[in-house]
Amino acid sequence: MKKYNVGIIGATGMVGQRFMLLLQNHPRFNVTVLAASASSAGKKYRDAVRKWHMSEPIPEKFADTVVMDATADMIKIAGAVDFCFCAVNMNKEEIKRLEYAYAKLECPIVSNNSAHRGTDDVPMVIPEINPEHLDVIPSQRARLGVKRGFIAVKSNCSLQSYVPLLHPLKKFGIKKVAVTTYQAISGAGKTFDTMPEIVDNVIPYIGGEEQKSEIEPLKIWGEVKDGKIIPASSPAITAQCLRVPVSDGHTAACFVSFEHKPTKEEILKAWKEFSGQPQQLFLPSAPKQFIHYFEEDDRPQPKLDRNTELGMAVCAGRLREDSVFDYKFIGFSHNTLRGAAGGAVLLAELLAAKGYFD
């Protein structure tokens with residue numbers, strides 16, 4: 001099995017730290033480059049990390065690796081790896097320029113950032129749901145004038161708590177969706193130490209999240225046509241997003257109406273039987289059972305269920321008929337695993353399996 005040399009751009013941040021843990025023993029990806037901002041460059045990784053947010057310690061194999069400058073050392077980095085993960089803390093325009101620059105240096109980028117999610121020839125992929133969107137990469141390469149470089153992105157972390165549960169139900173004709181997400185503080189790169197205002201509190205606003213929650217699913221459900229991804233025109237989605245005092249794990253309360261209302265048993269069967277290319281290809285990070293349904297009235301819960309299938313499964317519960325919509329249910333996913341670094345690693349595994357890094 002071919003192995004790939006990999007860089008992590010933004011290695012010192014919270015998502016970068018999660019990448020370190022996920023990749024320390026990966027069977028196909030060998031991390032050879034760690035990169036971050038100029039303030040971290042030249043330091044050993046253990047010294048460059050201002051605060052280690054993970055419960056597991058810094059992997060010893062990376063602790064003494066000297067961090068490179070993601071911007072100043074770009075040419076050197078691009079020449080040393082087969083592709084890079086990108087999880088930087090910069091504004092959108094800076095991220096766009098950075099990711100384009102790497103792609104034009106023939107270095108594929110698997111991005112955790114939102115900057116390119118709206119770019120119509122950049123695939124935004126949940127591997128079990130829309131792997132066919134990778135077909136747009138040759139068109140992106142033609143636009144950039146490259147042979148090997150490209151950018152692929154994962155979707156917003158909160159989408160993972162409800163879009164995978166809606167997807168197997170599309171065959172019943174989803175008409176409209178209302179969703180409220182209850183999002184963990186790690187989604188803001190925070191811990192209880194660094195976000196004391198969240199203790200005993202709920203903050204009913206997360207900048208940009210509601211627009212992403214309403215728009216991004218339509219791109220995921222769109223089609224590749226004439227070298228671009230054309231977003232789906234339906235269903236209608238309305239969203240509210242709240243920050244809640246939870247360390248890890250995003251919960252969604254979802255309401256849905258259908259063209260052809262299924263029975264509860266049909267919905268449960270669709271969830272249980274659904275799998276995608278990651279399961280069929282036995283990708284290393286893929287959960288064996290993508291969707292886990294809990295029969296208990298008080299599940300899923302972040303504290304109990306965030307690590308289901310190593311944090312890569314999507315959990316559901318409390319499916320029941322509704323008085324306004326057809327059905328309502330609770331969804332849940334681990335936001336820094338399935339929703340962030342883990343989802344990006346799974347996307348990279350799919351890209352590798354399909355030869356996009358070769």
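**Exercise 1: the second largest pocket**

Task. Determine how the residues lining the second largest pocket divide by class, and which elements supply them.

Solution. The lining divides into eleven nonpolar, 13 polar and six charged residues; here Ala, Val, Leu, Ile, Met, Phe, Trp, Tyr, Cys and Pro count as nonpolar, Asp, Glu, Lys and Arg as charged, and the others, Gly among them, as polar. The elements giving two or more residues to this lining are H1 and H12, and H1 provides the largest share, four residues. Helices (H or I, at least four residues) and strands (E, at least two) are DSSP runs numbered from the N terminus. Of the 30 lining residues, Arg18, Leu22, Glu56, Leu310 and Leu337 lie nearest the centre of the second largest pocket.

The model is predicted: local features need pLDDT of at least 70 and side-chain atom pairs count only at pLDDT 80 or more, whereas totals for chains, interfaces and linings use all residues. Residues are numbered from 1 along each chain as its sequence is written, and side-chain values use heavy atoms, with hydrogens and water left out.

**Exercise 2: the largest pocket**

Task. State the volume of the largest pocket and identify the residues closest to its centre.

Solution. The volume is about 1,300 Å³. A pocket is an open set of points on a 1 Å grid over the protein atoms alone, where a 1.4 Å probe fits, with protein on both sides within 12 Å along at least five of seven lines; lining residues have an atom within 4 Å of a point. Volume is the space filled by probe spheres set on the points, which are joined across faces, edges and corners. Of the 50 lining residues, Val15, Ala87, Val88, Asn89 and Met90 are the closest to the centre of the largest pocket. Helix H1 (14–23), helix H5 (92–104), H8 and helix H12 (337–353) each give two or more residues to this lining; H1 gives the most, with four.
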